[in-house]
Amino acid sequence: MKASLLLIEDNFHNRYLATFLLERQGYEILQAETGPQGLEMAAKLLPDLILLDIQLPGMDGYAVARALKSAPQLKSIPIVAVTSYAMAGDREKCSAVGIEGYLEKPLNPETFVADVEQFLGPPAKANNDAACADR
Ligand code: MN
């Protein structure tokens, strides 16, 4: 069975595109529109990976990541930030809250699935943190 991915994203068009691209490759996509909803779904459904928008209304992606990484049963789930937040330092902020991966919007339909799959390896390869790595 292919992996299930939780997508936490408030923008309809981004949700639609990411879901379309991943479902086409056989992945199961769970969708949440807010941070609190995403946390609830993560705890209930234990996805294999979480795609996390940083710019969410109310509870932002950094706060969501901190909550996920402080929950014993959830902290091993890889998180990939998907953000257009192009300010200097946001990769460092991702890393600081434990986010493993970092992809920039707009999503590139040609490479998006492969980019996500880099972070989906077996648990032994879960430290495959190319983008949001050290420093
Ligand atoms: Mn957003």
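What share of the 135 residues of this protein count as buried? The value is 46%. Keep in mind while you look around that this is a predicted model.

## The overall layout

The protein has five helices and five strands. Going from the N terminus, these elements follow the order β-α-β-α-β-α-β-α-β-α.

If you take the contacts with a separation of 6 or more, 61% of them are between residues 24 or more positions apart.

Now for the inside. The largest nonpolar core has 24 residues, and the members that touch the most others are Leu6, Ile8, Ile50, Leu52, Leu68 and Ile99. Two or more residues each come from strand 1 (4–8), strand 2 (28–32), helix 2 (35–45), strand 3 (49–53), helix 3 (61–69) and strand 4 (79–83). Helix 3 is the top contributor, giving four residues.

There is also a second, separate core, made of 19 residues. Among them are Leu7, Tyr27, Val113 and Phe119. Tyr27 has another feature to look at: Lys2 lies over the face of its ring, 4.4 Å from the ring centre. As for aromatic pairs, a search of the whole structure turns up one.

## A closer look at Ile79

You'll find Ile79 in strand 4, and with a relative accessible area of 0% it is buried. Leaving out residues up to four places away in sequence, Ile79 touches Ile50, Leu52, Ala65, Leu68, Lys69, Ile99, Glu100 and Gly101.

In sequence, Ile79 and Leu6 are 73 residues apart, while their C-alpha atoms are 9.5 Å apart in space.

## Helix 1 and its two faces

Helix 1 covers residues 12–24, which makes 13 residues. From its first C-alpha to its last, helix 1 reaches 18 Å, close to the 18 Å expected at 1.5 Å a residue. Its buried residues are Asn14, Arg15, Ala18, Thr19, Leu21 and Leu22. They sit on the same side of helix 1 because they cover an arc of only 170° around the axis.

What lies over that buried side? Strand 1, strand 2, strand 3 and helix 5 (112–117) are included in what covers the buried residues of helix 1. Turn to the face pointing away from the buried side, and you get the exposed residues Phe12, His13, Tyr16 and Arg24.

## Helix 2 and its buried side

In helix 2, the buried residues are Gly35, Gly38, Leu39, Met41 and Ala42. Here too the arc around the axis is only 170°, so these residues are on the same side of helix 2. Their cover includes strand 1, strand 2, strand 3 and helix 3.

## Two spots in the loops

Which residue has a positive phi near 45° without being glycine? That's Leu46, in the loop between helix 2 and strand 3. Leu46 counts as partly exposed because its relative accessibility is 44%.

The other spot is Pro106. The peptide bond leading from Lys105 to Pro106 is cis, with omega near 0°. To find Pro106, look in the loop between strand 5 (101–104) and helix 5.

Conventions:
Residues numbered from 1 in each chain as written. Predicted model: local features only at pLDDT ≥ 70, side-chain atom pairs only at ≥ 80, totals over all residues. Heavy atoms only, no water. Core = buried A, V, L, I, M, F, W, Y, C linked by side-chain atoms within 4.5 Å. Buried < 20%, exposed > 50% of the residue type's maximum accessible area, 1.4 Å probe, protein only. Phe/Tyr/Trp six-rings, centres within 6.5 Å; stacked < 30°, edge-to-face > 60°. Lys NZ or Arg CZ within 6 Å of the ring centre and 35° of its normal. Expected span 1.5 Å × (residues − 1). Arc of directions from axis to C-beta. Contact = heavy atoms within 4.5 Å.
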